[in-house]
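These are my notebook entries on one protein model. I record what I looked up and the criteria I applied.

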Amino acid sequence: LEIANYLHWYIFCQQLVEAESKEGRGRLRHYERAQQKLWHALERCEKGRSIIKVLDQQHNLNDFLTRLAQDIKNGRDPRPKKVERLKAELASAQNTLFGSSGGVRLNMNPDILAAGIQSEDAEVFKSAMMPL
């Protein structure tokens, strides 16, 4: 699990970097092919398909948190309203993100299984650089 997890996230992040780089188009295709090869190798066995499910859960969590952070950052509401919205969004997404699977393995350390988010402890900082 660990090697496949780290390899997937390395390739995924490199794809994002190369997609934004003007001179990285050739390397982007290289990383896309590497990602396809990894995915095909994982699809061949039962253990690999379970790793794909873990990676999908990680992407769902990552996408949700990224979208929420951008929405909160770009919002024009005063800080107390942002905090209230953040807590409400995190609480409502609890079952969607963690409910059926019993937790999500963290992408930076797949040995750790996150069972949920403590939405009541969420905070929005006053900094424009790092709002959450």
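**Entry 1: model and confidence.** I note that this is a predicted model, in which local features need pLDDT of at least 70, side-chain atom pairs count only at pLDDT 80 or more, and totals for chains, interfaces and linings use all residues. Residues are numbered from 1 along each chain as its sequence is written, and side-chain values use heavy atoms, with hydrogens and water left out. I looked up pLDDT, the predictor's confidence in each residue, from 0 to 100. The protein chain averages 89, and 95% of the residues score at least 70. I then compared the elements, where helices (H or I, at least four residues) and strands (E, at least two) are DSSP runs numbered from the N terminus.

Entry 2: I located Trp-39 in helix α2 (residues 25-43). For accessibility I used relative accessible area: buried is under 20%, exposed is over 50%, and partly exposed is in between (1.4 Å probe, protein chains only). Trp-39 is partly exposed because its relative accessible area is 22%. I counted a contact where heavy atoms lie within 4.5 Å. With neighbours within four places in sequence left aside, Trp-39 is in contact with His-8, Ile-52, Leu-55 and Asp-56. I also checked Trp-39 against Ala-4: the two are 35 residues apart in sequence, and their C-alpha atoms are 9.6 Å apart in space.

Gln-35 has its place in helix α2 as well. Under the same exclusion of neighbours within four places, Gln-35 is in contact with His-8, Ile-11, Phe-12 and Gln-15.

**Entry 3: aromatic pairs.** Rings of Phe, Tyr and Trp (its six-membered ring) pair if their centres lie within 6.5 Å; planes under 30 degrees apart count as stacked, over 60 as edge-to-face and the rest as tilted. How many aromatic pairs does the structure hold? I found 2. The ring centres of Trp-9 and Phe-12 are 5.3 Å apart and the planes stand at 80 degrees, so this pair is edge-to-face. Both residues lie in helix α1 (residues 2-20), 3 residues apart, which is about one turn of the helix. Trp-9 is buried at 7% relative accessibility, whereas Phe-12 is partly exposed at 22%.

The rings of Tyr-10 and Tyr-31 have centres 6.4 Å apart and planes at 75 degrees, so I classed this pair as edge-to-face too. The pair links distant parts of the chain, with Tyr-10 in helix α1 and Tyr-31 in helix α2, 21 residues apart. Tyr-10 is partly exposed at 47%, and Tyr-31 is buried at 13%.

**Entry 4: nonpolar cores.** A nonpolar core is a set of buried Ala, Val, Leu, Ile, Met, Phe, Trp, Tyr and Cys residues joined through side-chain atoms within 4.5 Å. The largest has 14 residues, of which Phe-64, Leu-68, Leu-86, Leu-90, Leu-97 and Phe-98 touch the most other members. The elements giving two or more residues to this core are α3 (46-74) and α4, and α4 gives the most, with 6 residues. Another core, of 7 residues, lies apart from it and has Ala-4, Leu-38, Leu-42 and Leu-55 among its members.

**Entry 5: α2 against α3.** Axes are lines fitted to C-alpha atoms, for helices over the stretch in contact, and angles run from 0 to 180 degrees between N-to-C directions. The axes of α2 and α3 come within 6 Å and cross at roughly 130 degrees. Angles under 35 degrees count as roughly parallel, over 145 as roughly antiparallel, 65 to 115 as roughly perpendicular and the rest as oblique; α2 and α3 are therefore oblique to each other. Where they meet, I listed Trp-39, Leu-42 and Glu-43 from α2, and Gly-48, Arg-49, Ile-51, Ile-52, Leu-55 and Asp-56 from α3.
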